[in-house]
Structures are given as structure tokens and as C-alpha cells.
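Take a look at the model below.

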Amino acid sequence: MVTDPIADFLTRIRNAQMAGHRMVEIPASNLKKRMTEILYNQGYVLKYKFEEDNKQGVIKIALKYDENTKQPAIRTLERISRPGLRQYAKPAEIKRVINGLGIAILSTSKGVLTDKQAKAANVGGEVLCYIY
């Protein structure tokens, strides 16, 4: 059993990119599915697929790399709120990641949103991670 599934999600992506893998498989949950959709919509992953098995299911993510330099599209995955120290932010307190070049993923009362979506909806919540 994993005590911090979000950190596990980020670590699996980080490790796959460091090893140069094209695909990564992650055990599925609704939160991880929504985070994967956000990564796809923001252009950080090439494509994704949700596969159901008899257990919890699997998320297959095709990682995105630069064609010329072979550098991954995601430079840094940083976990902010952790089980031992939760980090919450009001709409006015949500920080921009690298002056708007990166994204923050928040868990809000309106679902899992990016920092820009949360500010537009005027909702705060738990800051899960920064991605850039």
C-alpha cells in the first residue's frame, strides 16, 4: 500500500523520464486520472489511456520529449502538499509557477484544477504539485 499516491504518481513519471522510457504505467484512481487529463491538456504528455482490469485499473501515459534535444517536456515535478504537512491556498494566495510558464495543480471544492482555472473560478484549495 502506498501512503502518498500523488507522490508515487509524480515519482513514476520522473523516473520514467530519467530512464528515457516512452511509456509509463501507473495504478489508477480518480484523482490520478484527472491529474493526467490536466497534464495532457497543458501539453506535458503526448497521450494517455485508461485501462480497466479486475482491480483498480491502470493509466498508461505516453511521455513527450523534444525531437531535437531529446529532453523531456516536463523538467520538474514538485510535490507541495504532503500527508505530514498539507498546504492550502486561497484564490488570492495561489502563486504563479515560474511567472506563468509552469502550472500548479490544486484539489478544490470544484474538482482538481490548474492554478489559472482555480483563480478564474475564484476557489482555493490544497496545492498538490508544481509542474514545469
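A residue counts as buried under 20% relative accessible area, as exposed over 50%, and as partly exposed in between. Keep that scale in mind. The model is a predicted one.

**Aromatic rings**

Start with Y48. Its relative accessibility is 29%, so Y48 counts as partly exposed. Y40 has a relative accessibility of 37% and is partly exposed. F50 is partly exposed at 29%.

How many aromatic pairs does a search of the whole structure find? The search finds two. A pair of rings is described by the distance of the centres and the angle of the planes. Here are both pairs.

| Pair | Centre to centre | Angle between planes | Type |
|---|---|---|---|
| Y40 and Y48 | 5.3 Å | 75° | edge-to-face |
| Y48 and F50 | 5.1 Å | 50° | tilted |

Why is the pair of Y48 and F50 called tilted? Its planes stand at 50°. Planes under 30 degrees apart would be stacked and planes over 60 would be edge-to-face, so the rest are tilted. Y40 and Y48, with 75° between the planes, form an edge-to-face pair. Together, Y40, Y48 and F50 make one aromatic cluster.

**The largest pocket**

Now turn to empty space. Rolling a probe the size of a water molecule over the atoms shows where such space is left. The largest pocket has a volume of about 160 Å³. Which elements give two or more residues to its lining? They are β5 (88-89), β6 (103-108) and β8 (125-131). The lining residues include I80, Q87, Y88, A89 and E93. I94, K95, A104, L106, V127 and Y130 also belong to the lining. By type, the lining divides into eight nonpolar residues, one polar and two charged.

**E126**

Is E126 buried or exposed? Its relative accessible area is 12%. The limit for buried is under 20%, so this residue falls on the buried side.

What does the side chain of E126 join? A polar contact of 2.9 Å links it to the side chain of R86. Leaving aside neighbours within four places in sequence, E126 is in contact with S81, R86, Q87, Y88, I105, L106 and S107. Among the residues in that list, Q87, Y88 and L106 also line the largest pocket.

Notes
Residues are numbered from 1 along each chain as its sequence is written. This is a predicted model: local features need pLDDT of at least 70, side-chain atom pairs count only at pLDDT 80 or more; totals for chains, interfaces and linings use all residues. Side-chain values use heavy atoms; hydrogens and water are left out. On a 1 Å grid over the protein atoms alone, a cavity is a set of points where a 1.4 Å probe fits but cannot get out, and a pocket is an open set with protein on both sides within 12 Å along at least five of seven lines; lining residues have an atom within 4 Å of a point. Grid points are joined across faces, edges and corners, and a volume is the space filled by probe spheres set on the points. Helices (H or I, at least four residues) and strands (E, at least two) are DSSP runs, numbered from the N terminus. Ala, Val, Leu, Ile, Met, Phe, Trp, Tyr, Cys and Pro count as nonpolar, Asp, Glu, Lys and Arg as charged, and the others, Gly among them, as polar. Buried means under 20% relative accessible area, exposed over 50%, partly exposed in between (1.4 Å probe, protein chains only). A polar contact is a pair of N or O atoms within 3.5 Å; within protein, one must be able to donate a hydrogen and the other to accept it, and residues adjacent in sequence count only if both atoms are side-chain atoms. Contact means heavy atoms within 4.5 Å. Rings of Phe, Tyr and Trp (its six-membered ring) pair if their centres lie within 6.5 Å; planes under 30 degrees apart count as stacked, over 60 as edge-to-face and the rest as tilted.
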